[in-house]
Amino acid sequence: MHKDEQIFTSQLDTDFYKFPMAQIQFKDFRETKVKWRLKNRTKGINLANIIPETELREQLDEARKIHFTGTELRYLRGIEVYSTPMFSEDFLEFLKNYRLPEYNLERVDGEWNLEFEGKWCETSLWEIPALTIISELYSRNITKHYSGFEVERMYAEGVERFARKKEILRLHPGITFSDFGTRRRAFKDWHEKIVVFCKEELLKQFLGTSNVHLAMKHDLIPIGTSAHEMFMAMAGIMYKSYKPIHETEEYADSEEVIRASHNVTLENWWRHYGWGLSIALTDTYSSRFAFETMPESIARDWKGFRQDSGNPFEYGQWVIDFCKKHGVDPKEKLVIFSDGLDVVKICDLYRIFEGKFKMSFGLGTNLTNDIRGVRPISLVIKLVEACGRGTVKLSDNIAKAIGKPEDIEKFKKIFGYNQNFREECIY
């Protein structure tokens, strides 16, 4: 089963939001240097004891040979933001000649230390392919001794689990959702089956998929806007360009510059994409900080917000309070919930916030990695450096924090972080 198949075979087999982000990286920060690193957040599972090095290197090396085809570039060229082409010709020319850059891999204490280092606009596109490769190699090795019968049983139970989700969602026809499950899917072919099931069985509720290849292949809307990397890198970029007013002022003490980087990121995003992609991701340095400091224009002009960590029920109220503080009717805004969801939590959120604001849901690992015998693992690849400075993501769930311990503590102070929500990362 899947034993020797190449996993990453299309540059579009990735999350859509990588492309609008990469275009900004290419246009505005072409020479910015960064470093990415893999992190396994699932305790008790040591990937280097499960995935052989030869298999991992082979898949990563094969991924580096994949280029954008003419058909794929024409598809990207045809994507519009309200009648305006989303991607410029110079960016598409960059993609035409693009290959995934080199990687660094070593075994450390039973884990794979995988890093990508170089220009931001080049290394960023490694994130999703690397995650899908590792996730599938993990699933392959967990199930490698399955007999033909056990394989059929595994998929049959997966179909049954999807059927139960489908019946629950149909009880709430106002719920809409998208597939956000590329990065931690069990198997590539299973992911496609699930997307087809969603399209066929939940047509009026299923909005599309974050996976660009599947969106193109099955005539679906590619879904996505931006991610934490934009905020994390901007802190390093602005810090590097900061010039002290007084010669005696220490370069390392410009906390206000780092604080300001959050809203500068949002302003830059609006400058490039306007209302069309104006979903504000708020939890990089805590959503409390974001809602306390984001300008009125975010409440007034932006389409909505994305919740990606912490207590989603508390988050919904924060959105309502933020809008009302600036004299905006929250019913006009869209909230996208996307943090470790299952259909039960989706229904609970929908019942509580129905009529208070518009909402939709990004269903990820629980959609694409819910089959018998494979325990999902919480894998991420995040920025750890930008412009030579350590980067940090605090999150609304401190268990999701990324960064060196000393940098995390520094950023907590800078952003007035006082969250005490901690929840183990299952997905």
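A crossing of two helices is left-handed if the near helix is turned anticlockwise from the far one by less than a right angle, and right-handed if clockwise. The crossing of α7 and α8 is right-handed, and so is that of α3 and α4.

This is a predicted model, in which local features need pLDDT of at least 70 and side-chain atom pairs count only at pLDDT 80 or more, while totals for chains, interfaces and linings use all residues. Residues are numbered from 1 along each chain as its sequence is written, and side-chain values use heavy atoms, with hydrogens and water left out. Helices (H or I, at least four residues) and strands (E, at least two) are DSSP runs, numbered from the N terminus.

- Two packed helices are described by the angle between their axes and the distance between the axes.
- Axes are lines fitted to C-alpha atoms, for helices over the stretch in contact, and angles run from 0 to 180 degrees between N-to-C directions.
- Helix α7 spans residues 148-170 and helix α8 residues 188-201; their axes come within 11 Å and cross at roughly 30 degrees.
- Helices α7 and α8 are therefore roughly parallel to each other. Angles under 35 degrees count as roughly parallel, over 145 as roughly antiparallel, 65 to 115 as roughly perpendicular and the rest as oblique.
- On the α7 side, Tyr155, Gly158, Val159, Phe162, Lys166 and Arg170 meet Asp189, Trp190, Ile194, Phe197, Cys198 and Glu201 of α8; contact means heavy atoms within 4.5 Å.
- The contact of α7 with α8 comprises 7 nonpolar, 1 polar and 4 charged residues. In this classification Ala, Val, Leu, Ile, Met, Phe, Trp, Tyr, Cys and Pro count as nonpolar, Asp, Glu, Lys and Arg as charged, and the others, Gly among them, as polar.
- Helix α7 also packs with α15: their axes come within 10 Å and cross at roughly 10 degrees.
- This makes α7 roughly parallel to α15.
- Lys165, Ile168 and Leu169 of α7 form this contact with Val343, Ile346 and Cys347 of α15.
- The contact of α7 with α15 has 5 nonpolar residues, no polar ones and 1 charged.

**The buried face of helix α15**

- Helix α15 (residues 343-353) has Val343, Ile346, Cys347, Leu349, Tyr350 and Phe353 as its buried residues. Buried means under 20% relative accessible area, exposed over 50%, and partly exposed in between (1.4 Å probe, protein chains only).
- Seen down the axis of α15, its buried residues fall within an arc of 165 degrees, so they line one face of the helix. The arc is that of the directions from the helix axis to the C-beta atoms.
- An α-helix has 3.6 residues a turn, so residues three or four places apart point the same way.
- The elements covering the buried residues of α15 include α7, α14 (312-325), β11 (334-337), β12 (358-363) and α16 (365-368).

**Helices α3 and α4**

- Helix α3 (residues 70-77) packs with helix α4 (residues 89-96) at an angle of about 155 degrees, the axes being 11 Å apart.
- Helices α3 and α4 are therefore roughly antiparallel to each other.
- Leu73, Leu76 and Arg77 of α3 meet Glu89, Leu92, Leu95 and Lys96 of α4.
- By class, the contact of α3 with α4 holds 4 nonpolar, no polar and 3 charged residues.
- In α4, Phe91, Leu92, Phe94 and Leu95 are the buried residues.
- Viewed down the axis of α4, its buried residues fall within an arc of 150 degrees, so they line one face of the helix.
- These buried residues of α4 pack against α1 (18-28), α3 and α5 (120-123).

**Individual residues**

- Gln59 belongs to helix α2 (residues 53-63) and is buried, with a relative accessible area of 8%.
- Not counting residues up to four places away in sequence, Gln59 touches Glu5, Gln6, Ile7, Phe8, Ile133, Leu137 and Arg140.
- Asp219 sits in the loop between α9 (212-217) and β8 (221-222), where Asp219 is exposed, with a relative accessible area of 68%.
- Leaving aside neighbours within four places in sequence, Asp219 is in contact with Lys199 and Leu214.

**Positive phi values**

- Most residues other than glycine have a negative phi.
- Asp109, although not a glycine, has a positive phi of about 50 degrees. Asp109 is in the loop between β4 (104-108) and β5 (111-119) and is exposed, with a relative accessible area of 73%.
- Ser395, also a residue other than glycine, has a positive phi near 75 degrees. Ser395 is found in the loop between β14 (389-390) and α17 (405-414) and counts as buried at 0% relative accessibility.
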